[in-house]
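Dear colleague,

Please find the structure below, followed by a summary of what was found in it.

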Amino acid sequence: MKASFFCTNSYLSAEPFRYPGWPTPPGLYRSEVGLKSVDVALEQARLADQLGFDWVSCSEHHYTPLLQTPNATVFAGALSQVVRRAKIAVLGPLVSMNNPVRIAEELAMLDQLSHGRLVVLFLRGTPNEFLAYGTNPDETRARTQEASILIQRALTEPEPFGWEGRFYRFRTVSVWPGPIQRPHPPMFYSGNSFESASFAAAHRLGLGVSFYPVNLVSQIMGYYKEECAKHGWEPSPDQLLYRAFIAVAEDDKEAEMLRSKYFAGDGVPNFFKGRGAAVPPPSAPVPSSVGTEADGRNTGADKGPRGFGLGELRFCGSPDTVVKQFAEFHERTGTGVIDISFGGAGLTMEETMKSIRLFGTEVIPRILDIGATRSAMKETRPTAAS
Amino acid sequence: MDSVDQMSSASQDSDETAATFSERFVQVDGTQIRYLEAGRGNPVIVLDTGGALGQSRLCNLLAQQFRVIIFDIPGRKGSSSADSTATRDLSHMLARGAGGIGLERYALVGIAAATPIALWHSIDAPARIDSMVLVSPAALSASEGPIVTDFDHRLESRLADIKLTTLVLLGTKDQIVPPETGRRYAQAIPKCYYVLVYDAGHGLEAERPDVLFATISDFLERREGFVVNRKSTVLNP
């Protein structure tokens, strides 16, 4: 299995996390804390690279101190200069609400800046985020699909071309620089629903599932593999990605102490409070056996206390325990890459750093052979990045 | 050569875009060629080998803005011919037919299997054509390797001679002419614009007539200038 360090660039002061809703007022931002936050985030990324994480990731999110990366590609540009070995995973740009050609250009730049280490996932966004740029939530699924296809085309087409889509019109697309990796960097699609898994399979995209409990991940990954087979291909374990929260401690007792305060006062549930609760449910039907989607529908399917697992600490324990949890997760889902956030806002900086170090030194060496994909990864790692 | 108006209505759409196409005939070297005509404005000749002439929503929409002439290509309903001589002869015949009905200059729209005829016409009589549109064109294969034998090698070797501003439209889901084929036209024809229509197959005319019309009409009106967005984006003037 591979491990990806989710670099959240969280704001390092509790004050704005206490604000009871979304968006967080900009007036709560303090420059000195912001500077310290980004310095710490980049230092964590550098450490993760040194500890042997296979990827270092970031994601676009808006108007929140929890993830100060409203433009993930800008942050990934900085990551590309401090992370010298691991892949730079943008998981991802919110393609439902941005200019897809601009995203393609930024991704190409990132592949150049990282010397061919870019990985990208096309993300739809959480319901509250559709308010950020005034995107109609009912259109976000279709916009995400079209934008993903357009980005893929823009990164591979050798001639200037025009695009007449349902949501996007461009008469001249001619991306420069082109990607370093050919035909394009590894691409994933956010797949927290069966429809999205089908789309990913049909377009030979990897699948990324986030926060769901293992039974739902197993359902979706299994369905995705079946769909891939229908389209005549088989995804590698490296194309099955899962994102979750983690806490690692010296022993299980200490880890449970971390669990008890992990999310305390953080902003995760706040995404869906205040204006963040304003997104009306779209009218299209959704599958009933899989939990909440990005648009906020079907919130009951996951039975978790905070909706579709966004506030769940999925992996927690001593190194031994976490290795077992990873092995079991892989066994049940086939997932080959786990993107993990150590960023519980209820933890101290020392607790977070200790958790990262313990994972790097005592877990990573013991998950290498799970799924036996690491040797393949070594073969494909660009020499220019080493 | 002369033209005969039979004054018969050839098609109607049920919606507000329906245009009444008149069925007419023109004699070319002893052969009677049937054509349909509707609309006013700058003339646009449409070459199509499939479907019922004049029945498409695209043609009806075009007839709201242009004078549309749809030739019933002799021997149509077949696939694209690899017989260079036969295709070229057809293009000559249709060019004389256009002359026979008094058209000196016009825009040319070739659809699917009729595109080789349009291409030969643009090569042999460039002075007659303002600009050319190729919809799901079937004159080249997608592959950049060996060309499959069904395609007209002579025509391919002449594409660089086309000086017209040309627009090529292809659906991203076209299973017959893969969308990547568009880049081959863009590489071969000096002033060629290549546009992909998202989520559409080979039957662009039937699947996405409105976007096809919007793009084609904009191109016919503005030619190279169609790449510039002139639509106001002011929300609150």
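**The interface of chain B and chain A**

Across the interface of chain B and chain A, 12 residue pairs, both at pLDDT 80 or more, are in polar contact (a pair of N or O atoms within 3.5 Å, where within protein one must be able to donate a hydrogen and the other to accept it, and residues adjacent in sequence count only if both atoms are side-chain atoms). The model is predicted: local features need pLDDT of at least 70 and side-chain atom pairs count only at pLDDT 80 or more, while totals for chains, interfaces and linings use all residues. Residues are numbered from 1 along each chain as its sequence is written, chains are lettered from A and ligands numbered from 1 in the order in which they are written, and side-chain values use heavy atoms, with hydrogens and water left out.

Four salt bridges are counted between the two chains (a side-chain nitrogen of Lys or Arg within 4 Å of a carboxyl oxygen of Asp or Glu). In the salt bridge of E180(B) with R153(A), the closest N and O atoms are 3.1 Å apart.

In contact (heavy atoms within 4.5 Å) are 21 residues of chain B and 17 residues of chain A. The buried area, that is, the accessible area (1.4 Å probe) lost on putting the two parts together, summed over both, is about 1600 Å², with 50% from carbon and sulfur atoms. On the side of chain B, Y194(B), L196(B) and Y198(B) lose the most area to chain A, together 38% of what that side buries.
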